[in-house]
Amino acid sequence: MPLRADHSDAGHERVWDLRCCALGHRLLAVRHVRRLGSEHNTVATGILVKSPQQLELLARVSRLAFDKTGTLTEGRFRLRQVTTNEANPRATLAAVIEAAAAVEKSSSHPIAAAFLEYAAELGVDPPPAPQFTLLEGEGLVAVVDGVTVHVGNERLARRVLAETAKANGEPPRTPATEAAATAYAEARAAVTYATREGLPARMLKALQKKENAAREALDAARADARADQARGPGGTPPMPLSAQTTSPPPSPPGSTADGGDECGVGCCGGGCGVPPLDLSSELVARWQQAGCSVLWVLFDGEIAAACQLSDEVRGEAAATMRELEALGVDATMLTGDCEATAQAVRVQVGIGDAVAGMKPSEKLERIRALRKKGVVGMVGDGVNDGPALAAADVGIAMGVSGTAMASAAAGVVLMSNDLRRICDAVWVARLTTRTLRAAVGASLALKLVPLSLMFALTGAEGYLIAAAVGSDVLGLVIVLAAAMNLLRVQPRYAAEPCANYVSALEGPTVVTSSV
């Protein structure tokens with residue numbers, strides 16, 4: 001009995017030794033599953049996953065943040081319309097295009113190509129633009145032929161106009177002056193409409209009285225603003241920069257019933273009937289509501305022109321958002337464009353949330369805040385979103401239209417511009433994770449066979465060793481077979497090529513100052 005007990009104990013020790021060795025082999029097999037899963041993403045779904053760790057995070061992602069330009073849109077801007085400011089004598093079409101092209105020549109942003117292409121069509125050779133400066137989240141500034149030229153978004157235009165007004169000693173914009181300016185503009189527009197449509201004289205006279213009263217109210221509000229400014233702290237708080245708008249200055253009373261000799265605005269010397277271009281232009285508002293980007297050109301702090309640029313939404317973007325929602329992944333759009341444009345694109349794409357007017361640093365902070373709520377991915381092309389790509393749990397770069405910096409910073413790279421491949425990548429990552437867990441679980445369950453024999457049969461040493469080896473080999477086969485089975489998986493969401501919209505190449509329509 002003692003001898004048999006010794007042999008039995010030795011057999012049990014050999015069984016445990018074999019099990020420990022097999023466990024190490026199984027862990028190596030698990031590494032093969034993860035590697036095959038990440039490599040299969042490149043082969044089958046057109047996405048390069050740089051590491052197994054990124055594959056696991058991709059399987060757990062709960063929210064994806066998308067950049068707009070070059071990601072949800074094609075990133076191929078076309079200059080559609082140029083609205084020049086007739087109140088600015090220097091703002092001719094040729095001067096605007098020449099100055100804007102000179103500034104944009106030093107930029108790598110996709111918008112720059114639109115100006116340079118149209119300048120080439122006009123035969124304009126952009127002059128040198130020294131003192132070039134990139135303004136984060138706003139635009140560009142440079143000196144062109146002695147003129148300080150700003151080219152950028154609405155945020156830049158508002159800031160520059162406010163600084164110019166302050167330098168010129170103009171009254172600060174407050175909620176009271178803005179409300180009075182809006183009321184005056186509406187009253188003036190009503191008189192213009194009544195005159196054009198030939199409404200009854202009594203109605204026209206009543207509208208003219210309202211216009212004169214609104215003009216007086218505007219003068220009074222500006223006088224109060226100057227007085228508050230002179231008193232210093234404690235006066236009326238200035239209008240927040242985000243809410244400021246430019247408004248036409250009051251003009252001397254004049255006849256507007258029959259067109260008169262003055263346009264009622266003071267922008268010119270005789271009856272043009274068109275107010276100077278400002279940030280509250282109805283035409284610009286329509287551009288933004290249509291999802292177009294608006295770029296402002298300023299000469300020495302004065303508005304010279306507004307430019308409409310179109311960038312088509314990717315044809316597969318809406319389908320991608322629907323599929324991500326079905327996968328349980330929330331989507332957010334982060335863009336530096338204005339609120340109206342962002343909301344228009346959000347509706348077109350069908351994305352759940354959109355945050356507008358964001359600088360690159362603000363995108364970075366938003367990603368950090370979202371990471372506190374779960375695993376977050378960032379999808380971008382690397383233009384103004386490189387830091388956000390690097391800060392996200394999973395950075396997904398547009399490999400074709402994106403920058404080299406984006407591909408280097410991101411852990412996942414799209415090998416094409418088809419956004420549906422992101423859905424395939426998430427699906428395959430989750431499938432790989434489930435396959436790994438199921439295979440390891442099945443192989444570990446096989447260990448119950450030799451364990452049961454070890455405690456039930458004390459004299460069957462040969463059977464114990466055979467059962468231990470057999471279960472380990474079978475476990476390895478299960479894990480490797482599951483890994484090989486992943487190679488048979490085909491794309492589910494991007495099985496067919498998508499047909500992205502192709503923007504036309506025609507030049508812009510030139511429009512003069514508009515109401």
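## A tour from the surface to the core

Modeller: Let's start with aspartate 145, which counts as exposed at 62% relative accessibility. Exposed means over 50% relative accessible area, buried under 20% and partly exposed in between, using a 1.4 Å probe and protein chains only. This is a predicted model, where local features need pLDDT of at least 70 and side-chain atom pairs pLDDT 80 or more, while totals for chains, interfaces and linings use all residues. Residues are numbered from 1 along each chain as its sequence is written, and side-chain values use heavy atoms, leaving out hydrogens and water.

Biologist: Where does aspartate 145 sit?

Modeller: In the loop between β5 (139-144) and β6 (147-152). Helices (H or I, at least four residues) and strands (E, at least two) are DSSP runs, numbered from the N terminus. The phi of aspartate 145 is positive, near 55°. Most residues other than glycine have a negative phi.

Biologist: Which other non-glycine residue has a positive phi of about 55°?

Modeller: Glutamine 131 does. Glutamine 131 lies in the loop between α5 (110-121) and β4 (133-135), and is exposed with a relative accessible area of 61%.

Biologist: Back to β5: how many of its residues are buried?

Modeller: Six of the six. Gly139, Val141 and Val143 are buried on one side, and Leu140, Ala142 and Val144 on the other.

Biologist: And in what sense do β5 and β6 pair, parallel or antiparallel?

Modeller: Antiparallel, over six bridges; strands pair if DSSP finds at least two bridges between them. Glycine 139 stands opposite glycine 152 in β6. β4 and β5 also pair in the antiparallel sense, over three bridges. They form a hairpin with three residues between them, and glycine 137 in that turn has a positive phi of about 70°.

Biologist: New topic! What's the strand order in the open sheet of seven?

Modeller: β1-β13-β12-β11-β2-β9-β10, with mixed pairing. β1 (47-49) and β10 (353-355) are at the edges with a single partner strand each, so one side of each has no neighbour in the sheet. Strand β9 (residues 330-334) runs parallel to β10, joined by three bridges, and leucine 334 is opposite valine 355 in β10.

Biologist: Which helix lies across β1, β2, β11, β12 and β13?

Modeller: That's α15, which runs at about 40° to β1. Axes are lines fitted to C-alpha atoms, for helices over the stretch in contact, and angles run from 0 to 180 degrees between N-to-C directions. The axes of α15 and helix α2 (residues 52-60) come within 8 Å and cross at roughly 105°. That makes α2 and α15 roughly perpendicular, a label for 65 to 115 degrees; under 35 is roughly parallel, over 145 roughly antiparallel and the rest oblique.

Biologist: Which residues of α2 meet α15?

Modeller: Leu55, Leu58 and Ala59, which meet residues including Ala425, Val426 and Ala429 in α15. Contact means heavy atoms within 4.5 Å.

Biologist: Last one: which residues touch the most other members of the largest nonpolar core?

Modeller: Leu64, Phe66 and Ile396, out of 41 residues. Helix α15 (residues 420-445) gives the largest share of this core, eight residues. Such a core is a set of buried Ala, Val, Leu, Ile, Met, Phe, Trp, Tyr and Cys residues joined through side-chain atoms within 4.5 Å. A second, separate core has 30 residues, among them Phe77 and Ala142.
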